[in-house]
Amino acid sequence: MLKRLFPLRWAKIAAWTGAALAWGTTAIAVASNTSSTVPAEPPALPLALEPPTTTSTTTTTLAPVPELPERGLVVVRYTPVPPPPPQVVTRTVVVAGPSGGGGGSAAAPAAAAPAAPAPSAPVQSSGS
Amino acid sequence: MKRNLFRAMGTTIDVTAPTADALAETRDLFETVEATCSRFLPDSELSHINTAPGAEVRLSPTMARVMHAADTARTITHGFVDAGVGASVREWGYDISFEAVNARIDRAAPAHTPNPEWSVKGAMLNRNPGTQIDLGGVAKGWTCDLAVAQGTAAIVSAGGDVRSVVSDARVEIVDPWGDIATTLLVGVGALATSSVSRRRWRLQDREVNHLIDPRTMEPSSGPVLQASAVTATALEAEAAAKAILLQGADGLAWADRQPWIRAALVVWHDGSVFATTGLGMAA
């Protein structure tokens, strides 16, 4: 009896062990494959017809006040007012061909002589 | 004292002199220098210099003295005031009357003008082919100094360049809006004002003016509308005012470091007025 059953018993043990190993290997392999799967790439975007627009802003900032001199800055007046409109100065100038033109020393028009100021009136300086 | 106003060098000359003869001599002096140094007069010596071929030109005694004054202005301002920018001034549109310039809106901005190169030794001027001379401001300041030096004027103002030998002489600085920014006690000394608010026009979509920055060879575009400087001579004051204006926000600090500039004042683009210490403001 023992002799008859013994081989059968060991055969069953071997069979079940083999089945268990096969199942376990398969399960581990499936689990491994699942965890190492690279996330699916997103679907390819349609080709852009135009390149993406880059927004760039250029700002010109004027210095709010002059750079501070070493010996100090005197604020004579701080009452911001709108800048003046362009002032067109009209005068008659003799142009000498392509080399003509000039800076401050220009031919004076035949203008009426300015009225003489009072001898005590202050001289003025307003730039040229 | 006698006082008289007349037109010369494209501006109003205001002279206070001891006698009527002195007034007349001062007027003759300005007219003589203008006939020599104007680039608007086709027969002036400067017009001939600017069209003369070759690198070297021999100068008349008067022109040589003015060119040496221009050389001094260039040196003391570290190159900010350069009489060699004449070609650029002309190409940016200041070659005809302001009325015509202002109408020339569609004219293209000029290509970059080569940096000027010139030198003067004795009576010989040497310059590169593209360099043209503009003596506008220098000639005015130099003539004011000469009028005082030769004793024919006690106070003389040429378009804002003032030279005085009167100890209590006061000068009103008028801002671009026509208001008096301040009144200065100039005394024995000089004061000059340079402005970009008056002589300016439009070139296509850009507003330009007559003050060329030698660093860029383009019109000044800084935050200063007007600059004034107090110095010993009108030539120095004229040069200082231009250099301060061209340096924009750095102008007053630069002026403060120059021992030859007694004081400086700027009118900012928003109408504010700033100055260095030492400005002798009259009450």
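The model is predicted, so local features need pLDDT of at least 70 and side-chain atom pairs count only at pLDDT 80 or more, while totals for chains, interfaces and linings use all residues. Residues are numbered from 1 along each chain as its sequence is written, and chains are lettered from A and ligands numbered from 1 in the order in which they are written.

**Overall make-up**

- Chain B holds eight helices and 17 strands; these are DSSP runs numbered from the N terminus, with helices being H or I of at least four residues and strands E of at least two.
- Of its 283 residues, 59% count as buried. Buried requires 20 or more other C-beta atoms within 10 Å of the residue's own, exposed means 12 or fewer, and partly exposed lies in between, with C-beta atoms placed from the backbone.
- Among contacts in chain B with a separation of 6 or more, 61% join residues 24 or more positions apart. A contact here is a pair of residues whose C-beta atoms, placed from the backbone, lie within 7 Å.

**Helix α6 and its partners**

- Two packed helices are described by the angle between their axes and the distance between the axes.
- In chain B, the axes of α1 (residues 20-37) and α6 (residues 136-149) come within 10 Å and cross at roughly 150°. Axes are lines fitted to C-alpha atoms, for helices over the stretch in contact, and angles run from 0 to 180 degrees between N-to-C directions.
- α1(B) and α6(B) are therefore roughly antiparallel; angles over 145 degrees get that label, under 35 is roughly parallel, 65 to 115 roughly perpendicular and the rest oblique.
- From α1(B), B:Thr26, B:Leu29, B:Phe30, B:Val33 and B:Cys37 meet B:Ala139, B:Thr143, B:Leu146 and B:Ala147 of α6(B). The residues of this contact of α1(B) with α6(B) divide into seven nonpolar, two polar and no charged. Ala, Val, Leu, Ile, Met, Phe, Trp, Tyr, Cys and Pro count as nonpolar, Asp, Glu, Lys and Arg as charged, and the others, Gly among them, as polar.
- The axes of α3(B) and α6(B) also come within 10 Å, crossing at roughly 110°, which makes α3(B) roughly perpendicular to α6(B). B:Val66, B:Ala69, B:Ala70 and B:Ala73 of α3(B) make this contact with B:Val138, B:Ala139 and B:Trp142 of α6(B).

**The largest nonpolar core**

- This core has 86 residues, and those touching the most other members are B:Val66, B:Val138, B:Ala229, B:Ala240, B:Ile244, B:Ala264 and B:Val266. Helix α7 (residues 234-246) of chain B gives the most to it, with 10 residues. A nonpolar core is a set of buried Ala, Val, Leu, Ile, Met, Phe, Trp, Tyr and Cys residues joined through C-beta atoms within 7 Å.
- Not counting residues up to four places away in sequence, B:Ile244 touches several residues, including B:Ala227, B:Leu252 and B:Trp254.

**Single residues to look up**

- B:Thr36 sits in helix α1 of chain B and is buried, with 21 C-beta neighbours inside 10 Å.
- B:Met9 has a positive phi near 55° though it is not glycine. B:Met9 lies in the loop between β1 (2-8) and β2 (11-17) of chain B, and counts as buried with 30 C-beta neighbours inside 10 Å.
- B:His78, also not a glycine, has a positive phi of about 60°. B:His78 belongs to the loop between α3 (61-76) and α4 (86-91) of chain B and is exposed, with 11 other C-beta atoms within 10 Å.

Methods: Two residues are in contact if their C-beta atoms, placed from the backbone, lie within 7 Å.
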